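Dear colleague,

Please find the structure below.

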Amino acid sequence: MTGEEPAAGVSLSAAESRLAIARRWARSHAIALTGLPLAAIVLFELYLHQARTAPLNGDGAGNALQAWDMLHGNLLLSHWTVSDVSFYFTELPEYMLVEAVHGLNGDVTHVAAALTYTLAVLLACWLARGRARGKEALARVLIVLVIMLSAPGLGVGTVIELDSPDHFGTAVPVLVFFLALERLPQRGFTPALLFLVLLWAEASDTTAVFLAGAALTVVTAARLWRGEGDRRYQAWLLAAAVLSIGIAQEAPRVINRLGGFAMHSPDMTFNTAAQMPDAIWKSAGSFLELFGADFFGLPLATPATGGGQTVRVSTVIVLLHLIGAGLAVVALVRTLRRWRGAAAEGDADGDRIAKLITVGVLFNVAALVLSSQYQGGPREIAGVLPLAAVVAARVLGPGLTQRKHIAVLGAAAAMFAAVLVDHAGAASQPPYAHKVETWLQQNGYKYGIGGYWTSHSITVASGGAVQVNPVNTGPKGISVYDWESKSTWYDPQAHYADFLVVDVANPLAIKYASPDQAVKQFGPPVRTVGIGGWEIMIWNKNLLTELARG
């Protein structure tokens, strides 16, 4: 027994040593361990309040209904036809988690958007920091905060980055991919893991192909051509990138063959030469809008009472956001200019992550300029914002480590944090057509049809108590709308729809269904109720039996 005592003593000493190391680590990281969760909670609350300044709309509501159906067992979304992007592996699971806790209501998209933006800020700070420590790490994080804290401006900016999952959420898996690419060791299993992360993003949203897959393909192929890095590892990375793009394009078709959702194919057509000047200027405005800096057409001053001019504070705030946009543009240009110089000096790698992200950003912006598919404006490049912030931090941060630089960056971050607080204090907006939804519930109407932007909003805002299904007007008249909809909703044997909601005040929405076409197709209604800019047309029959198909 006495011979075992030293071994026990050694074991105890080792345990104490490990405990001491753990304590030192905890003390040195105390601020991060306590401050990071608190900062995340504060950011989430602020972004949630700002998200609520934009009303629930048809796109986000449609995704909420898909997630609700998945949560109730329809995991493959059988009988659904989605748009030309599914968000199936990215935002829909997030919506499911939110709905599991929060239920189905008009706040689902706001909660999910606030979670997504908060995650994007935290991941962008992590990726921007890279391997830096001390003042350089602080400078990098502050640059990300300067760019991202209040980038979603009120109005259009909130709709783009804090509303329905129109591509901004794709930035989260893309940021995870670049983190994995930088942090994982160059082992045999790493390309396989990176392939899975790429597939996660690309199979849900084609913008991820530009931001990550295509960028990795081009940069890795160039490195192989020049003989840079470990050729075997680079070859596997190239294979992972190419395979992920190909399989991602096939994934929706595989899901459909398994009995799942159908998806519209993107209409990828190049703009004509005559369209290009307008496309370039619109793309410039879209890029600035991401940063909350689109000043085109804004008045700098307004007439004051008693004469003179008064500077518009809202315009000044937009102009201040040019700081973030400027940092991003300078960093992107500098990365491109350094690329050849770094290779000539024998530093072929340089900041590989910054180079990859720069290529991805340029691909996404080029798609916006060149393709008619991307006429949706800033939402089509929404993922560019956090990625451009990362490039700015990694490229400019090393040169901004002096105390005066840190002080300026900190002051700018504090200023934009104050802008965020101001944005969060703006008035919340009710869901689109909420007065119609309230009237329908109060008067016992539970199932009907309506234009796209109105229908899903009413269904989600009512928690499913009132279901309004989207229709569209085509050559055969008012018909089933196979866009973000489920075919079983239109079965006259299973459902009785006796009203039509028409958005008569919105010229973009009236194309889905007009009162004149409704009377021509269904006959005169027994009652028409006007509520704000909407009309509720009511019949004593099942409209689904007379709804056109195909």
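Two strands are said to pair if DSSP finds at least two bridges between them; strands (E, at least two residues) and helices (H or I, at least four residues) are DSSP runs, numbered from the N terminus. This is a predicted model, in which local features need pLDDT of at least 70 and side-chain atom pairs count only at pLDDT 80 or more, while totals for chains, interfaces and linings use all residues. Residues are numbered from 1 along each chain as its sequence is written, and side-chain values use heavy atoms, with hydrogens and water left out.

Strand S1 (residues 80-82) runs parallel to S2, joined by two bridges. Thr-81 has Ala-262 in S2 as its bridge partner. Helix H3 (residues 58-71) packs on the sheet and touches S1 and S8 (contact: heavy atoms within 4.5 Å); the direction of H3 makes about 145° with that of S1. The angle runs from 0 to 180 degrees between N-to-C directions, with axes fitted to C-alpha atoms, for helices over the stretch in contact. The sheet is open, with three strands in the order S2-S1-S8 and mixed pairing. Strand S2 (262-263) and strand S8 (485-486) each have a single partner strand, so one side of each is left without a neighbour in the sheet.

Elsewhere, strand S11 (residues 534-538) has four of its five residues buried (under 20% relative accessible area, 1.4 Å probe, protein chains only). Strand S9 (residues 499-503) pairs with S11 in the antiparallel sense over five bridges, and Phe-499 stands opposite Ile-538. Strand S10 (residues 527-531) is also antiparallel to S11, through five bridges, with Met-537 as the partner of Thr-528. S10 and S11 form a hairpin with two residues between them, and Gly-532 in the turn has a positive phi of about 60°.

Yours sincerely

Note on methods
Buried < 20%, exposed > 50% of the residue type's maximum accessible area, 1.4 Å probe, protein only.
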